[in-house]
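Hi,

Please have it open while you read.

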Amino acid sequence: AASLMGDLEASSRRLREAAEYWRRVSLRLFEGRTLCNLGFMFWQSGDFEKAIKALDEARRILRSRDASVHAVALNNLGLCYQSLSENERALAYFQSAAAVLLQQNQKRWAVRARLNVGRSYMLLGKLDLAKTILGEALAETVRTADPSGRADVLNNHGQVLLRLHRGEEAGARFTEALELQRSVHS
C-alpha cells in the first residue's frame, strides 16, 4: 500500500523488514518473493542499483525454490539492465526468463518475457529478429487473455515495423494497441 501511495521509503523499509522476518523463521521462499517485489519497486522508481541488488539476491534464493518467481526476478533484472542501456546483458536475462516461463507453462508471463526479448533485439538493431520474436509473442497473446500485454506487444511490433520503413503496417499495430489500452483504461 505504501508503494502504491508513492511512499517508497516506507515501502522499502517494510519490504526489507518482511524479508528479514522470513529469513529469521527460515522461510526463504517468501524472503525471495519479498525481495523480488522490493527490486521491482526500485526499478519502477528508477533506482536501478538497489533494484539489481535486491533482484539478484531474490534470484539466488528462488533458483531452487520457485522456478516461476525466479524467472520473474530474471525478467526484472533484464528490465534494470535495459533501463541502463546494457541491452546485451538484458537480453540474456530475458531469454533465460522466457525459457523458464515457457517450461513452467506460465503463458502470460512468458509473453511478457518474449516481448522484452524482442524489444532488446530492436534496441540492438537486429530488426528482423525483433520482428520475428514480437510476431510470435503477438500470436501467443491470443491465448493469454491479457489485453494490456497484447497492446504492449503490438506497440513494440509497431516500433520495429516503423524502423523497417513499413509505416502502414506500423500504424495499424499502433492503432490496435491504442484501442486495447483504452478498453482497459490504461
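Helix 3 (residues 48-62) and helix 4 (residues 67-83) pack with their axes 9 Å apart, at an angle of about 155 degrees. That angle is over 145, so helix 3 counts as roughly antiparallel to helix 4. Bear in mind that this is a predicted model. The crossing of helix 3 with helix 4 is left-handed. On the helix 3 side, the contact is made by Phe48, Ala51, Ile52, Leu55, Asp56, Arg59 and Leu62. Helix 4 answers with Ala67, Val69, His70, Ala73, Leu74, Asn76, Leu77, Cys80, Tyr81 and Ser83. Sorted by class, that contact has 12 nonpolar, 3 polar and 2 charged residues.

Next, the pair at the start of the chain. Helix 1 (residues 8-24) and helix 2 (residues 28-45) have axes that come within 8 Å and cross at roughly 160 degrees. Helix 1 and helix 2 are therefore roughly antiparallel, and their crossing is left-handed. If you want to click through the contact, helix 1 brings Leu8, Ser11, Ser12, Leu15, Arg16, Ala18, Ala19, Trp22 and Arg23. Those residues meet Arg28, Phe30, Glu31, Thr34, Leu35, Asn37, Leu38, Met41, Phe42 and Ser45 of helix 2.

From helix 2, Arg33, Cys36, Phe40 and Trp43 take part. They meet Val69, Val72, Ala73, Asn76, Leu79, Cys80 and Ser83 in helix 4. Here the residues divide into 8 nonpolar, 2 polar and 1 charged.

Now the pockets. Which helices each supply at least two residues of the lining of the largest pocket? They are helix 2, helix 4, helix 6 (107-123) and helix 8 (147-163). The volume of this pocket is about 390 Å³. Its lining comes to 16 residues, and Phe40, Asn75, Leu79, Arg112 and Asn116 are the ones nearest the centre. By class, the lining of the largest pocket has 7 nonpolar, 6 polar and 3 charged residues.

The second largest pocket has a volume of about 210 Å³. Lining it are Arg16, Ala19, Glu20, Arg23, Glu31, Leu35, Leu38, Phe42, Lys50, Lys53, Ala54 and Glu57. Helix 1, helix 2 and helix 3 are the elements that give two or more residues to that lining. What is the class make-up of the lining of the second largest pocket? It divides into 5 nonpolar, no polar and 7 charged residues. Several of its residues also take part in the contact of helix 1 with helix 2, among them Arg16, Ala19, Arg23, Glu31, Leu35, Leu38 and Phe42.

Cheers

Note on methods. Residues are numbered from 1 along each chain as its sequence is written. This is a predicted model: local features need pLDDT of at least 70, side-chain atom pairs count only at pLDDT 80 or more; totals for chains, interfaces and linings use all residues. Side-chain values use heavy atoms; hydrogens and water are left out. Axes are lines fitted to C-alpha atoms, for helices over the stretch in contact, and angles run from 0 to 180 degrees between N-to-C directions. Helices (H or I, at least four residues) and strands (E, at least two) are DSSP runs, numbered from the N terminus. Angles under 35 degrees count as roughly parallel, over 145 as roughly antiparallel, 65 to 115 as roughly perpendicular and the rest as oblique. A crossing is left-handed if the near helix is turned anticlockwise from the far one by less than a right angle, and right-handed if clockwise. Contact means heavy atoms within 4.5 Å. Ala, Val, Leu, Ile, Met, Phe, Trp, Tyr, Cys and Pro count as nonpolar, Asp, Glu, Lys and Arg as charged, and the others, Gly among them, as polar. On a 1 Å grid over the protein atoms alone, a cavity is a set of points where a 1.4 Å probe fits but cannot get out, and a pocket is an open set with protein on both sides within 12 Å along at least five of seven lines; lining residues have an atom within 4 Å of a point. Grid points are joined across faces, edges and corners, and a volume is the space filled by probe spheres set on the points.
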